[in-house]
Amino acid sequence: MMQRLDRLKESPSQTAGPYVHIGCVPSFAGIEGVYPEDLGRAMITGDAKGERITLTGRVFDGTGTPLRDAMIEIWQADAAGLFNSPAETRGSADPAFAGWGRQPTDGETGIYAFETVKPGRVPFPDGRLQAPHITMWIVARGINLGLSTRVYFEDEAEANAADPILSRIEHKARVPTLMARRAGSVHTFDIHLQGENETIFFDV
Amino acid sequence: MHNNPPETGAFYPRDPDWHPQALTPGYKTSVLRAPQRAKISFDPTLGEIAGPAFGHGLLGPLDNDLILNFASPGESAIGERIIVHGRVQDERGRGVGGTLVEFWQANAGGRYRHKKDAYLAPLDPNFGGCGRTITDAAGYYSFRTIKPGPYPWPNGVNDWRPRHIHFSVFGTGFAQRLITQMYFEGDPLIDICPIVNTIRDQAAIGQLIAPMDMANTVPMDAMAYKFDITLRGRRSTMFENRREGN
């Protein structure tokens, strides 16, 4: 008889629910004093290198109503294209930049906002350079498994055209759903969970 | 100390039939929040394979003690005192050490300390409901809390959530990021919960039910439940495709 693979199964996901803030953004829930501050609130922790940007937007449901109870996390390279992670083997990332951030969508307006730096380019596994992008993960009541997407920058047309992920998307009409719109240092990225302008979500 | 470089292999694909689908109409809120188009797949890049790391310096001494971390001096939370412990491992069975685990829950009466929760069961002035810890080198974690109560929610006319604790786990790569819920052995509400039943496979549901653990119960003090969490496994990196000279 053959040997067995004996692979375990991943713990199945469940929704983060409407009170995700209690555990992840306690100040939003009205809980003060357990932790010094909400984890992931500040991504820039010193004199970080690179261009400072604000990434902001809203998350819309299938009726166009903004989610006011979502939580968004982002993960990105620093201005030099390096990740602040033990798995980064190409060099040391900027110590003044965390690379990871977490924000709720506002309870009234549904707006989220991250103060961050524009990421540098990171190679694809085959060596080609990817366009600058931010990885985004969205959880909320009604979302059973966290949704992954990518934020690209509309002012990086040349890099975007050569990006290995963007260029494999068959339905080109959907690519603009991954582009943040720029106004000065503010980059607006709205997420549409469902419907005509549905954002591209990735299975990675 | 060891001289092995950090693992950087890509993660095993997620099993979409094991996780809940996005559209699960029994859980009404999912109907308008479920994408309708197929996800686009690609083999993970460094941005998915790498993830943030959190040092033990992050933690305060009571961060994993929900009985005390919101209580006034000399007071403690009301309810069944329990210890919840287990191991964070990957699909290969390897312990995931040094990873952040966050958890949150309602109090003994099923009331959340959140401005949006208007359930008539009272708040416990000595219970906040959030905690966190970092797994040890072998992947183990533990925390102390009170057993949360069930609570009603506006889904069906008479739906009640089983007793549960929410978990948020990071792993070592951002593609391992997972939020889930732990349930308690023997709770009759588990079988009829629309959120539990977003998962179609009974074996998958079973993986979220923590058994009572008498061996780790502290006599005259606290009951114990064991809850292991499995994150995505990763390939070895022996033969990753690389360009010449790279």
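Predicted model: local features only at pLDDT ≥ 70, side-chain atom pairs only at ≥ 80, totals over all residues.
## The interface between chain A and chain B

In this model 77 residues of chain A are in contact with 87 residues of chain B. The two chains bury about 7,400 Å² between them, and 59% of that area is on carbon and sulfur atoms. On the side of chain A, Glu10(A), Gln14(A) and Tyr19(A) together supply 12% of the area that chain A buries against chain B, which is more than any other three residues supply.

The polar part of the interface can be described by two counts: there are 44 residue pairs in polar contact, with both residues at pLDDT 80 or more, and there are seven salt bridges between chain A and chain B. A salt bridge joins the side chain of Arg37(B) to that of Glu198(A), with a distance of 3.7 Å from N to O. Several elements of chain A each supply at least two residues to the side that touches chain B, among them the helices α1 (20–24) and α2 (26–29) and the strands β3 (71–75), β4 (100–104) and β6 (133–139). Of the elements of chain A, α1(A) gives the most to this side, with five residues.

## Salt bridges within chain A

Side chains of opposite charge can pair when their charged atoms come close. Over all chains, the count comes to 25 salt bridges. One of them is formed by Arg102(A) and Glu73(A), whose closest N and O atoms are 2.9 Å apart. Arg102(A) lies in strand β4 of chain A and Glu73(A) in strand β3 of chain A, so this pair ties together parts that are 29 residues apart in sequence. Both partners fall under the 20% limit that is used for buried residues: Arg102(A) counts as buried because its relative accessibility is 2%, and Glu73(A) counts as buried because its relative accessibility is 0%.

Another salt bridge in chain A is formed by Arg128(A) and Asp126(A), with the closest N and O atoms 2.9 Å apart. Here Arg128(A) is partly exposed, with a relative accessible area of 34%.

In chain B, the side chains of Asp63(B) and Arg132(B) meet in a salt bridge, at 3.0 Å from N to O. This pair links distant parts of the chain, since Asp63(B) is in the loop between α2 (46–49) and β2 (81–90) of chain B, while Arg132(B) is in strand β4 (residues 130–134) of chain B, 69 residues apart. Asp63(B) counts as buried at 5% relative accessibility, and Arg132(B) counts as buried at 2% relative accessibility. In chain A, salt bridges that share partners join Glu51(A), Lys118(A), Asp155(A), Glu156(A) and Arg182(A) into one network.

## The surroundings of Asp124(B)

Asp124(B) lies in the loop between β3 (100–104) and β4 of chain B, and this residue is buried, with a relative accessible area of 6%. When residues up to four places away in sequence are not counted, Asp124(B) touches Ala77(B), Ile78(B), Asn107(B) and Arg113(B).

## Positive phi values and a nonpolar surface patch

Asp6(A), which is placed in the segment before α1 of chain A, has a positive phi near 50 degrees. Met220(B), found in the loop between β10 (209–210) and β11 (223–226) of chain B, has a positive phi of about 65 degrees although it is not a glycine. The relative accessible area of Met220(B) is 88%, and this residue is exposed.

On the surface of chain B, Leu23(B), Val31(B) and Leu32(B) form a nonpolar patch, with about 230 Å² of accessible area together.

How values were computed
Residues numbered from 1 in each chain as written. Chains lettered and ligands numbered in written order. Heavy atoms only, no water. Patch = residues over 30% accessible without salt bridge, like charges linked within 9 Å, V, L, I, M, F, W, Y side chains within 5 Å. Areas by Shrake-Rupley, 256 points an atom, 1.4 Å probe, with all protein chains shown as cover. Salt bridge = Lys/Arg side-chain N within 4 Å of Asp/Glu carboxyl O. Contact = heavy atoms within 4.5 Å. Buried area = accessible area lost by both parts, 1.4 Å probe. Polar contact = N/O pair within 3.5 Å; in protein donor to acceptor, adjacent residues only side chain to side chain. Helix = DSSP H or I, 4+ residues; strand = E, 2+ residues; numbered from the N terminus. Buried < 20%, exposed > 50% of the residue type's maximum accessible area, 1.4 Å probe, protein only.
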